Amino acid sequence: MPSFAYRCQQCRTTWPRVLTHEEAVGARDSHRDHVHGGGVPDGDGITVHRTERWAEADDLERWITVVLVAVVLLVLAYKTL
Ligand SMILES: [Zn+2]
């Protein structure tokens, strides 16, 4: 699942990552209004951070995946005999 972060290049600040693009837009709009008088600072933007699903999985999910792959491989090996 991706996360989003707003960065203002003028203030050289990146806000903490949030789970939805809308939350990052809210942080951006609030910052623009309060610090830059509603203007759009040069170079500001929202970055998308993607992580590998495998890296986010807990141990149980990893074990289940490994066992399922092993079962599929065993079934395929059995059928070829
Ligand atoms: Zn700023």
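Read from one end of the sequence to the other, the protein chain follows the pattern β-β-α-β-α-α. The model described here is predicted. In total, the protein chain holds three helices and three strands.

**Overall dimensions**

Along the principal axes, the C-alpha atoms of the protein chain fill a box of roughly 75 × 20 × 20 Å. Buried residues account for 6% of the 81 residues in the chain. Among contacts between residues at least 6 apart in sequence, 47% join residues at least 24 apart.

**The sheet**

The three strands form an open sheet in the order β2-β1-β3, and their pairing is antiparallel. Strands β2 and β3 stand at the edges with a single partner strand each, so one side of each is left without a neighbour in the sheet. Strands of a sheet pair through backbone hydrogen bonds, either parallel or antiparallel. Between β1 and β3, which run antiparallel, there are five bridges. Within this pairing, Ala5 has Thr47 in β3 as its bridge partner.

**The loop between β1 and β2**

Arg12 is located in the loop that lies between β1 (3–8) and β2 (13–14). Its phi is near 55°, a positive value in a residue other than glycine. Arg12 is also exposed, because 7 other C-beta atoms lie within 10 Å, and a residue counts as exposed when that number is 12 or fewer.

**The helices**

Helix α1 lies across β1 and β3, and runs at about 15° to β1. An α-helix has 3.6 residues a turn, so residues three or four places apart point the same way.

The residue ranges of several elements are collected below.

| Element | Residues |
|---|---|
| β1 | 3–8 |
| β2 | 13–14 |
| α1 | 21–35 |
| β3 | 45–49 |

Technical notes: Residues are numbered from 1 along each chain as its sequence is written. This is a predicted model: local features need pLDDT of at least 70, side-chain atom pairs count only at pLDDT 80 or more; totals for chains, interfaces and linings use all residues. Helices (H or I, at least four residues) and strands (E, at least two) are DSSP runs, numbered from the N terminus. A residue is buried if 20 or more other C-beta atoms lie within 10 Å of its own, exposed if 12 or fewer, and partly exposed in between; C-beta atoms are placed from the backbone. Two residues are in contact if their C-beta atoms, placed from the backbone, lie within 7 Å. Two strands pair if DSSP finds at least two bridges between them. Axes are lines fitted to C-alpha atoms, for helices over the stretch in contact, and angles run from 0 to 180 degrees between N-to-C directions.
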